[in-house]
Amino acid sequence: MTTGTMTQSRKAIGAVALLALAAVLPLAVTEPSQQNFLILILMGAQMGVAWNIVGGYAGQVSLGHAVFYGIGAYTSTMLLVSLGISPWIGAVAGGLVAALFALAMGWPCFRLKGHYFAMATIAVAEIMQILVTNSDLLEGAVGLTLPMDRSGWGALIFLAKLPYYYLILGLLVLTVAVAWAIERSHIGYYFRAIKDEPEAARALGVSLTRYKLIALSVSAFLTALGGSFYAQKEMFIDPGSVFATTVSIKIALIAILGGVGTLLGPVLGAVILITIEEYSRTLFGSTGSGTDMIIYAAMIILVAVFSPSGVLGLLSDLRRHIGRRLPGGTKTAKADKLEVRP
Amino acid sequence: MRFTGTKTRSSATAPVRRQLTRQMPVRRRTMTRMIAAAALLATTALGGLTAGAARAEDEIRIGVIYPLTGAAASTGVELKAAAELAAAIVNKEIPAPAGLVAGVGMPHLKGAKIKLIFGDHQGNPQVGSTEAERLITSEKVSALAGAYFSNVTATASQVAERYGVPFLNGESSSATLTQRKFKWFFRTTPHDDLFVTNFFTFLEDMEKKTGDNLRGIGLFNENTLWGNETTKLQTKLAEERKFTIAEKIVYPAKTTQMTSEVQRLKAANPAVIMQSSYLGDAILSMKTYKELGFLPKMLLANDAGFNDSEFLKTMGKDGEDIISREVWALDQADRNPLIRQVNDLMRERSGVNFNGNSARAFTAIAVLADAIDRAGSTQPDAIRKALQETDIPAAGLIMPWKGVKFDANGQNELGQGIIVQVQNGQYVTVWPFDVATKPVVYPMPAWDGR
């Protein structure tokens, strides 16, 4: 029991140190394009952590998360552009719309299991993209442009990169905090029970549909916040950029690559995936021969083959491996074992 | 004990992991994983090292963003080749064709060379803005050009606007791009609204020329965004210019049956049909027209399916005399020796002729280089001012335009589309009359007279 508390406090120290590092990082990285790169990583991490709540903990793999991302982006932007409502309110509104949409979508879709659920989510996202593309109200395929003349914390539009960095860092912390709270609460145990043994969970009186819906709507809410941030940062949205299938795939890929069902796995996944994506493009993209995409794909395949439980799984295996050789290393292994037991 | 960790991970991957563990000895497995991790790290580190390469001071750096990978990669590579040809001409690597306005040799900048730095946006607006930011802040470009896709141009130019760097767009036609009141955005190509407007001007010109009444028009458009937008604009313009819409049909884009639609058109019998179709429906509509023995005096197609290289292959003689809009046509080379010369250079270098996209990409770089030379400086403010003062006559361009001159929104107000007609299996320019290479065949001969 004492070792458990010790690990807890050690983890808390680690988390605070990590956060402090993230907070001061822009002081060292001052070039805007490098800061932009950090923002992209944090955006990816936030999406991945949000996805992980339903895709990782509850084990319901969604390949249609772009639908929530897009709803978030469109709701806050429409409110800002047509009614002049601050994105602070718009983003929350977008989150609520996305959560409601998740409930409406989850109710029929959760009747499907496994791959069929994943396929249904792809279909919903595709339908949504087509609907928005043909909607006059939302300017269809032309897209929405955010007003550039309104900058500042009220409109959440900035000329510098730094405010965006701290905004997305804050959003990531919020998302991780929600995921952490869920992980520790009884809901988190229900989620994992639903993932591992749905029949047993049902036999113990856990309402499968209810908790799956909770997982999806919380995940949708957070994903939509990420979508609103995208709109504020890029200042232009169209169905092809926020409702695209590639967005859905990327969200899922980040979490899967980093480590499904782990708190910080998606953060690590985002660091790796976005780094590969950006640098392979910077280095090889301008050749026009597709080298960057080949390297990008090869890296993902490497991780998938050698570490199917994600990079975080790889790291913890390494740690255990090294730990066993060092004197006293077995203690760490025991502590791990104690901790994962519900 | 080894499996304690898997409990928190996905149950879907757990069996795979177990299998792997059974098959591979522990050490080897960890070794291979370490190699994989090392490979990951190596790429990242390599990227970090080479990202900020050294640069010469006497070159003028221009960032160019195109879709070099992804679905539009083949177009992107063509655009890149055209931009590189323009740069080679500006830098006097190849002899410049006489008359071309492109700041050749950069006389006002002591013969400095321009260097194009390409960024790949993969057809993704966010990647477009990321690349724009990288080109501006780490590659220190003096100006940006690109990005072909309208939505990518929207995000990339927005970054340029924030940093106060001129962005010259040569190929995106969404009308909204120049309605944003941007200070640093310039566009040489005409936009979509102008193309539709051209049809009505063309009809008025044809009325004057033939003395016929062409006021009754039929709209026949497909029902996705493009067709719907076109229908709206055509309806508005018809009213403004006093044309009557005899029939307006919006059909499902993937239809397999057009008999009832064509019968309605036949009953309304308009003098002119304006049609927006993709390839499949363009062919189907032509077959149905023939079956029902119907043809208007003129069939005005809105590019797309009717200009696809497959269209004439499938239609053969039945595709003759169709009129369509275009941005550029190869027969322009017959009219203008400058276009011929530049096209020959393009073919020598890349083995292909210009098309509407690559000709516009070439023009964008040429116009930008001209402005930088006149600015006599690589300062963004000076370049912006020179762009605003741009006034290139038609003779200095390879485009069928009246010239290049930007209005307050940065839109080239002298740009125009052209109208081509299929004559003897070729698309020939028939309008505007001053750049036409052949007269219009009017009216379209009836099916039985072919």
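The chat below goes through sheets, cores, confidence and a loop residue.

Q: Before we start, what kind of model is this, and which cut-offs apply?
A: It is a predicted model: local features need pLDDT of at least 70, side-chain atom pairs count only at pLDDT 80 or more, and totals for chains, interfaces and linings use all residues. Residues are numbered from 1 along each chain as its sequence is written, while chains are lettered from A and ligands numbered from 1 in the order in which they are written.

Q: Great. How many helices and strands does chain B have?
A: Chain B has 14 helices and 14 strands. Helices (H or I, at least four residues) and strands (E, at least two) are DSSP runs, numbered from the N terminus.

Q: Which strands make up the parallel sheet in chain B?
A: Five of them, in the order β2-β1-β3-β4-β5, form an open sheet with parallel pairing. Two strands count as paired if DSSP finds at least two bridges between them.

Q: And why do β2 and β5 of chain B each have a side without a neighbour?
A: Because β2 (113-120) and β5 (185-187) of chain B stand at the edges, each with a single partner strand. Neighbouring strands of this sheet are turned by 25 degrees against each other on average, direction ignored. Axes here are lines fitted to C-alpha atoms, for helices over the stretch in contact, and angles run from 0 to 180 degrees between N-to-C directions.

Q: How many bridges join β1 to β2 in chain B?
A: There are 8 bridges between strand β1 (residues 59-66) of chain B and β2(B), which run parallel. Within that pair, R61(B) has K115(B) as its bridge partner in β2(B). Helix α3 (residues 73-90) of chain B packs on the sheet, touching β1 and β2 of chain B, and its direction makes about 170 degrees with that of β2(B). Touching means contact here: two residues whose C-beta atoms, placed from the backbone, lie within 7 Å.

Q: OK, now the mixed sheet. What is its strand order?
A: It is an open sheet of 7 strands in chain B, ordered β7-β6-β8-β9-β10-β13-β14. The edges are β7 (244-251) and β14 (426-431) of chain B, each with a single partner strand, so one side of each is left without a neighbour in the sheet. From one strand to the next, the twist averages 25 degrees.

Q: Which helix lies across β6, β7 and β8 of chain B?
A: That is α8 (residues 259-268) of chain B, running at about 180 degrees to β7(B).

Q: Tell me about β13(B): how many of its residues are buried?
A: β13(B) is mostly covered, with 5 of its 6 residues buried. A residue is buried if 20 or more other C-beta atoms lie within 10 Å of its own, exposed if 12 or fewer, and partly exposed in between, with C-beta atoms placed from the backbone.

Q: What does β13(B) pair with?
A: Strand β10 (residues 323-326) of chain B pairs with β13 (residues 418-423) of chain B in the antiparallel sense over 4 bridges. The β13(B)-β14(B) hairpin has 2 residues between the strands, and N424(B) takes a positive phi near 50 degrees.

Q: Switching topic: how many residues are in the largest nonpolar core?
A: It has 120 residues, and those with the most contacts inside it include A143(B), L144(B) and F362(B). A nonpolar core is a set of buried Ala, Val, Leu, Ile, Met, Phe, Trp, Tyr and Cys residues joined through C-beta atoms within 7 Å. Helix α13 (residues 356-375) of chain B gives the largest share, 12 residues.

Q: What does A143(B) touch?
A: Not counting residues up to four places away in sequence, its contacts include I62(B), V165(B), L368(B) and I383(B). There is also a second, separate core of 103 residues, which includes V49(A), V67(A), F117(A) and Y230(A).

Q: How about confidence in chain A?
A: The mean pLDDT of chain A is 86, and 92% of its residues reach 70 or more. pLDDT is the predictor's confidence in each residue, from 0 to 100. Over residues 328-342 of chain A the pLDDT is below 50.

Q: Last one: is P107(B) buried or exposed?
A: P107(B) counts as exposed, because it has 12 C-beta neighbours inside 10 Å. Its place is in the loop between α3 and β2 of chain B.
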